[in-house]
Amino acid sequence: MKKLRSLLIGILLIIGLLFLGTVWLERSTGMSDAKVLNIYNWGDYIDPKLITKFEKQTGYKVNYETFDSNEAMLTKIKQGGTSYDIAVPSDYMIQKMKKEHLLLKLDHSKLPNLKNIDPQFMDLAFDQHNEYSVPYFWGTLGIIYNDKFYQASQFKTWNDLWDPQLKNKIMFIDGAREFMGIGLASMGRSLNSKNDADLDRAYNKLKALTPNAKAIVSDEIKTYMANEESSVAVTFSGEAADMMGKNSHLHYVIPEGGTNLWFDNLVIPKTAKNKEGAYEFINFMLDPKNAAQNTEYIGYSTPNKAALKYLPKAITSNKEFYPSAARIKQMEIYEDLGPKYLEKYNDLFLELKMYRN
């Protein structure tokens, strides 16, 4: 009996020592929950130097994970395997996450730097009063071309992409909303249309565009355009800025009429364990100098009005990346289509890709 009691005491002592050792290790390495911030963002979507700066200023240890689509991000957050403190969904996905009660309602008193955001980018339909999200970056969908082969006058509207001389020349983004959106916008229809007749007309019109497609891809567009293996593509403004930085012959244009105006915003998931750290990080990123540094690194347009004075005039004066408020009003933000029409857009896009082949 004494041997058994001694054995039990020994086991309890070992457990106690292991527990104390774990606590000590967490404290000494900064790995306790209170000092760890888990961020879930798009790939290469923040200047790494800003993460280092934040860690030094606050003592937090940042764990940074990336995703490649809004849908992949949503799935992982819903699964709950990792409790992310910050995520960066796009406009329509914020709308969807709100409906599914996945986001924490923000306390604006903890975000004094929110005043730096341009008012025209606040209180948008996908998140009225910015109750759940803070603008991070914004941009447009447009056309990038190489001036060795084309002139700006050849790409004034989306309809110009149907030019027979562009057969097997254009690289398109591998996205249902983007490809279907080209068809809808070219007819003056909403990018969020739930009108079956509009969608069918767009589908039939896009069938006539598929011979002009060199490829329907994702990240490969940047390499192809920068290396002049392709001369024209449909892409996002930030991606275009990256390509233009690598090849001076590339130019980005926003077609007249409608196009997609998109936003990526910072949110705090309801399952976040370090809410205070999340607020600190968001406020840190809203600092004008930090926002300007991040903008120069990423290449997308910043919604931080106070940051503009810290950016080169060559960036802020470019009307294709910082269009006028009047032109922005002509653009359209993607909305959550709901499962029925999301499936229809995806199905039509898949059929168009198969038809092309």
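**Exercise on helix α5**

Task: Name the buried residues of α5, and then state how many of the residues of this helix they make up.

Solution: Begin with the list, in which the buried residues of α5 are Ala-176, Arg-177, Glu-178, Phe-179, Met-180, Gly-181, Ile-182, Gly-183, Leu-184, Ala-185 and Ser-186. The word buried stands for a relative accessible area under 20%, while exposed stands for over 50% and partly exposed for what lies in between, with a 1.4 Å probe and with protein chains only. Next, the count for helix α5 (residues 176–186) is 11 of its 11 residues, and the helix is therefore mostly covered by this definition. Helices (H or I, at least four residues) and strands (E, at least two) are DSSP runs, numbered from the N terminus. Finally, just after α5, Gly-188 takes a positive phi of about 75 degrees.

The model is predicted, with pLDDT of at least 70 required for local features and 80 or more for side-chain atom pairs, whereas totals for chains, interfaces and linings use all residues. Residues are numbered from 1 along each chain as its sequence is written, and side-chain values use heavy atoms, with hydrogens and water left out.

**Exercise on the whole chain**

Task: Describe the chain by its helices and strands, its share of buried residues and its contacts.

Solution: The chain contains 13 helices and 9 strands. Of its 357 residues, 49% are buried. For the contacts (heavy atoms within 4.5 Å), consider those with a separation of 6 or more, where residues 24 or more positions apart account for 75%.

**Exercise on Leu-199**

Task: Where does Leu-199 lie, is this residue buried or exposed, and which residues does it touch?

Solution: Leu-199 belongs to helix α6 (residues 196–207), and its relative accessible area of 0% makes it buried. Leaving aside residues up to four places away in sequence, Leu-199 touches Met-180, Leu-184, Ser-193, Tyr-341, Lys-344, Tyr-345 and Leu-348. Met-180 is 19 residues from Leu-199 along the chain, and their C-alpha atoms are separated by 8.0 Å. Met-180 is also one of the buried residues of α5.

**Exercise on aromatic rings**

Task: How are the rings of Trp-138 and Tyr-322 arranged, and which parts of the chain do they link?

Solution: Start from the rule that rings of Phe, Tyr and Trp (its six-membered ring) pair if their centres lie within 6.5 Å, with planes under 30 degrees apart counted as stacked, over 60 as edge-to-face and the rest as tilted. The structure holds 23 aromatic pairs. In one of them, the ring centres of Trp-138 and Tyr-322 are 6.1 Å apart and their planes stand at 85 degrees, so the pair is edge-to-face. Trp-138 is in strand β4 and Tyr-322 is in the loop between α11 (313–316) and α12, and the pair thus links distant parts of the chain, 184 residues apart. Trp-138 counts as buried at 2% relative accessibility, and Tyr-322 counts as buried at 12%. The rings of Phe-172 and Phe-179, with centres 5.1 Å apart and planes at 90 degrees, are likewise edge-to-face, and both of these residues are buried. Ring pairs also join Tyr-45, Tyr-136, Phe-137, Phe-236, Trp-262 and Tyr-300 into a cluster.

**Exercise on the largest cavity**

Task: What volume has the largest cavity, and which residues lie nearest its centre?

Solution: On a 1 Å grid over the protein atoms alone, a cavity is a set of points where a 1.4 Å probe fits but cannot get out, and a pocket is an open set with protein on both sides within 12 Å along at least five of seven lines; lining residues have an atom within 4 Å of a point. Grid points are joined across faces, edges and corners, and a volume is the space filled by probe spheres set on the points. There are 4 cavities of 30 Å³ or more, and the largest cavity has a volume of about 90 Å³. Of its 13 lining residues, Pro-135, Tyr-136, Met-285, Ala-291 and Thr-302 lie nearest its centre. Two or more lining residues come from each of β4 (134–146) and α10 (288–298).

**Exercise on positive phi**

Task: Where is His-129 placed, and is this residue buried or exposed?

Solution: Most residues other than glycine have a negative phi. His-129 has a positive phi of about 65 degrees although it is not a glycine. This residue sits in the loop between α4 (91–99) and β4, and it is exposed, with a relative accessible area of 54%.
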